[in-house]
Amino acid sequence: MTTRTHQNTTDAAPQQVPHHEAPTFGNPDQPAEGTINLVGDTGSARMEGPRNPVLEGQFPSATNAPATDISTQPFFWSSFNISPRRQQAGGWARELTQADFAISDEISGVNMFLAAGGIRELHWHQTAEWAVMTRGRCRVTMLDQRGRPSVEDVEAGDIWYFPAGLPHSLQGLGPEGAEFVIAFDDGSQSESNTLLITDWIAHTPPDVLAKNFGVPVETFKDIPLHNLWIFQGAEPGSLEADRKAAQVVEGTEAVIFRLSRSPAIKQNDGGRIQFADSSNFPIAKTIATALVTIEPGGMREMHWHPNADEWQYYLRGTGRMTVFNTGPKATTNDFRAGDVGVVRRNLGHYVENTGDDVLQFVEVFRADRYEEVSLANWLGHLPPELVMQHLNISPEALASFPRVTQGIVPIAKAIGA
Ligand code: MN
Ligand code: MN
């Protein structure tokens, strides 16, 4: 059972209480939801119908919501762990599009693995492609709209961005190959509706191919008649040799960014936030990213984003998030590595690390800039009398609130010390 420490309104010492029995102050929900209603009547909490203990164990906040949760709202949890995996020689992929995850209309996601030498064939699509590397190494190529090529190697913690319509390829490098998560800037984009070079060549009259490339028709007698999508290829040689062969010119706009090695915009003993958007990664005009790392006991502070929905991919650890919506509605859910969450723009949320391990996730936005509004920063920049009349708290209590955007709440502050 996860526990957290609460400061009582009296002078009594803080006490450890289970999440679902945590004291609630001024719960607006009448009658209250949750086990706070039981008042000794445990019989009314009986669940004797069919149950799935594995799922219940993964979603404790669904079965036993905090008493402050109210009503319901569109489901904002999904996971690559429940997505069918398309396996080919050379690698696999599984995806989450709006068809599977209704709320996710701004971003669709693909989790892909390419074995060493495995190739995601030459292709392009109608949406921009962003990706974060999670394991191994990958060689990426792209041609920009001015005809300039890029050839780069990426590793865990790096991201890439290919603008819509620009052709590219991916290839796993040894020894581990490459695993990564792609985000497209359109929730309906699927990994199986891309424009593949083999499909176009196979569906062009051979005499047109011959005319186009200035070669005999027989040149194309052995082309694949079905697309390759992912296939096992030979591992490429050195990056330098490939860059030379592709005639890469120095100074071409970067298509990759070393996100996990970039300076943190927020950092304290509770964790850190790193970011990439068009201000430090100029090519990324339609996708902004934050890489959030939260230490055990830490919490991503209460905040919202005014410019786009937040699409989350959980890389590591376990977390809990409540989404606050109009109505009011408030819904809490639990997340694990491999899961995906979506928070509509402007809806309030926090993310708590509920485990003993580091919690890490990426926030992905269909926007050119990373933007957030911090609740603490807002309250810290108002006339104190105005805030006190809303919250009915003392001047001393308000004065002890953080006055700035913290990003991650420091550990010492989070436990009420
Ligand atoms: Mn692609
Ligand atoms: Mn957020």
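How are the donor residues of the manganese ion (ligand 2) spaced in sequence? I read the spacing as H-x1-H-x4-E-x38-H. Glu310 lies in strand S19 (residues 310-316) and His349 in strand S23 (residues 348-353), so the pair ties together parts that are 39 residues apart in sequence.

Before going on, I noted that this is a predicted model, in which local features need pLDDT of at least 70 and side-chain atom pairs count only at pLDDT 80 or more, while totals for chains, interfaces and linings use all residues. Residues are numbered from 1 along each chain as its sequence is written, chains are lettered from A and ligands numbered from 1 in the order in which they are written, and side-chain values use heavy atoms, with hydrogens and water left out.

**Entry: the metal site.** I looked up the protein donors of the manganese ion (ligand 2) and found His303 (NE2), His305 (NE2), Glu310 (OE) and His349 (NE2), at 2.0 to 2.2 Å from it. Donors here are N, O and S atoms within 2.8 Å of the metal (3.2 Å for Na, K and Ca); water is not among the atoms, so sites may look incomplete. Strands, like S19 and S23, are DSSP runs of E with at least two residues, and helices are runs of H or I with at least four, numbered from the N terminus.

Are Glu310 and His349 buried or exposed? Glu310 is buried at 1% relative accessible area, and His349 is buried at 4%. Buried means under 20% relative accessible area, exposed over 50%, and partly exposed in between (1.4 Å probe, protein chains only).

**Entry: Asp153.** I found Asp153 in strand S9 (residues 149-155), and it is buried, with a relative accessible area of 17%. Leaving aside neighbours within four places in sequence, Asp153 is in contact (heavy atoms within 4.5 Å) with Arg137, Cys138, Arg139, Leu173, Leu239, Ile256 and Arg258. Leu239 is 86 residues away along the chain, yet its C-alpha atom is 7.2 Å from that of Asp153.

**Entry: Leu209.** Next I checked Leu209, which lies in helix H4 (residues 206-213). Leu209 is buried, with 5% relative accessible area. Which residues does it touch, leaving aside neighbours within four places in sequence? I noted Ile201, Thr204 and Phe220 as its contacts. The C-alpha atoms of Leu209 and Thr219, 10 residues apart along the chain, are separated by 9.2 Å.
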